[in-house]
Amino acid sequence: ELYGRRVVSFFKDEPIVGGYINAFYLILIGFLYNKFTIQHKNKILLLSIFFLFAIFLTGERSNAIKAFLGIIFFYAFFKEYKLKYKITYIVIGLIFFISIILNSQYFKLRYLNQVKNLFTEDKIYFNLYNSGYQVFKNNMFFGVGNKNYRVVTCNTKLDETNILTNKYACSTHPHQIYLELFSEHGLFGSIFILFIFYKLIFSKFISNFNRINYIQIGSLIYISLIFLPLLPSGAFFSDYAITLFGFNIAIFYAASREMNIFSINKQKVD
């Protein structure tokens, strides 16, 4: 359909370029702030806006929202701007992007009309979310197994009257990370997985809060926004998503002397 195709760059027919930029731009911004401190803070801020606008241009709605929230959270931790300047920049940014949406047929379709249709007329996401909930409800404690969501929803048996016995929508995943976790791993598996992520990432952030640098803040924000509720998401355990997630965890640990295992071992030897 008109304007239906998104910007894919060198990914050919896969609309994931926004997700790749989103996975690394905050880390890059954090590195620049660590490297050049406050001398070039305004130039780096402009670069942040450039990356945000690039993600926005791809038409990837969920990634655009996460990127915008990511910049807000990043600069909330940034100490070199006063609060009044942070609020001013956020308001100006909102006005800028809203004006672009309202004055472009492509963006108006992607960010307004299609979003409305997905939850009202077409109800695509409503059906996908409901399907994920139904799979979880029928397999509450242990789920259907990792990457078995597609098997269950696309091979639903028909009863004698040819009516689907379960309200499943055939898909590889329910397009929401919590529904994916709970439908495939159940209550026990999901709680265990989330606990591991907490111990590996968020507990480290809490215990090392005063020593966290901007690179770590960038990676932590990306990781945190993956677990943002309600927003649609890709399959978490796909090669694409889990690789970007793993890179950010690795950078989160490697960017700190206190958390980098090689630095810790070197200190012990010395």
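# Helix packing, burial and a nonpolar patch

User: What makes the nonpolar surface patch of about 590 Å²?

Analyst: F192, F195, I196, Y198, L200 and I206 make it. Nonpolar side chains (Val, Leu, Ile, Met, Phe, Trp, Tyr) are joined within 5 Å, like charges within 9 Å. Areas come from the Shrake-Rupley method with a 1.4 Å probe, and for residues only the protein chains shown count as cover.

User: What should I know about the model and numbering?

Analyst: This is a predicted model, where local features need pLDDT of at least 70, side-chain atom pairs count only at pLDDT 80 or more, and totals for chains, interfaces and linings use all residues. Residues are numbered from 1 along each chain as its sequence is written, and side-chain values use heavy atoms, with hydrogens and water left out.

User: Why is F195 called partly exposed?

Analyst: Its relative accessible area is 48%. Buried means under 20%, exposed means over 50%, and partly exposed is in between (1.4 Å probe, protein chains only). So F195 is partly exposed. F195 sits in helix α8, residues 177–207.

User: How many helices and strands does the chain have?

Analyst: Eleven helices and zero strands. Helices (H or I, at least four residues) and strands (E, at least two) are DSSP runs, numbered from the N terminus. Of the 270 residues, 42% count as buried.

User: Why are α2 and α4 called roughly parallel?

Analyst: Helix α2 (residues 41–57) and helix α4 (residues 83–102) pack at an angle of about 30 degrees. Angles under 35 degrees count as roughly parallel, over 145 as roughly antiparallel, 65 to 115 as roughly perpendicular, and the rest as oblique. Therefore α2 and α4 are roughly parallel. Their axes are 13 Å apart. Axes are lines fitted to C-alpha atoms, for helices over the stretch in contact, and angles run from 0 to 180 degrees between N-to-C directions.

User: What is the hand of the α2 and α4 crossing?

Analyst: Right-handed. A crossing is right-handed if the near helix is turned clockwise from the far one by less than a right angle, and left-handed if anticlockwise.

User: What makes α1 roughly antiparallel to α9?

Analyst: α1 and helix α9 (residues 214–226) pack at an angle of about 165 degrees, with their axes 7 Å apart. That angle makes α1 roughly antiparallel to α9. The α1 and α9 crossing is right-handed.

User: How do you know whether I27 is buried or exposed?

Analyst: I27 has a relative accessible area of 10%, so I27 is buried. I27 belongs to helix α1, residues 17–36. The C-alpha atoms of I27 and G218 are separated by 4.7 Å, yet the two are 191 residues apart along the chain.

User: Why is G59 called buried?

Analyst: Its relative accessible area is 0%, so G59 counts as buried. G59 lies in the loop between α2 and α3 (61–77). The C-alpha atoms of G59 and Y111 are 7.6 Å apart, across 52 residues along the chain.

User: Why does L230 count as exposed?

Analyst: Its relative accessibility is 70%, so L230 counts as exposed. L230 lies in the loop between α9 and α10 (239–254). L230 has a positive phi of about 75 degrees, although not a glycine.

Definitions and conventions:
Patches are made of residues with over 30% relative accessible area and no salt bridge: like charges are joined within 9 Å, nonpolar side chains (Val, Leu, Ile, Met, Phe, Trp, Tyr) within 5 Å. A salt bridge is a side-chain nitrogen of Lys or Arg within 4 Å of a carboxyl oxygen of Asp or Glu.
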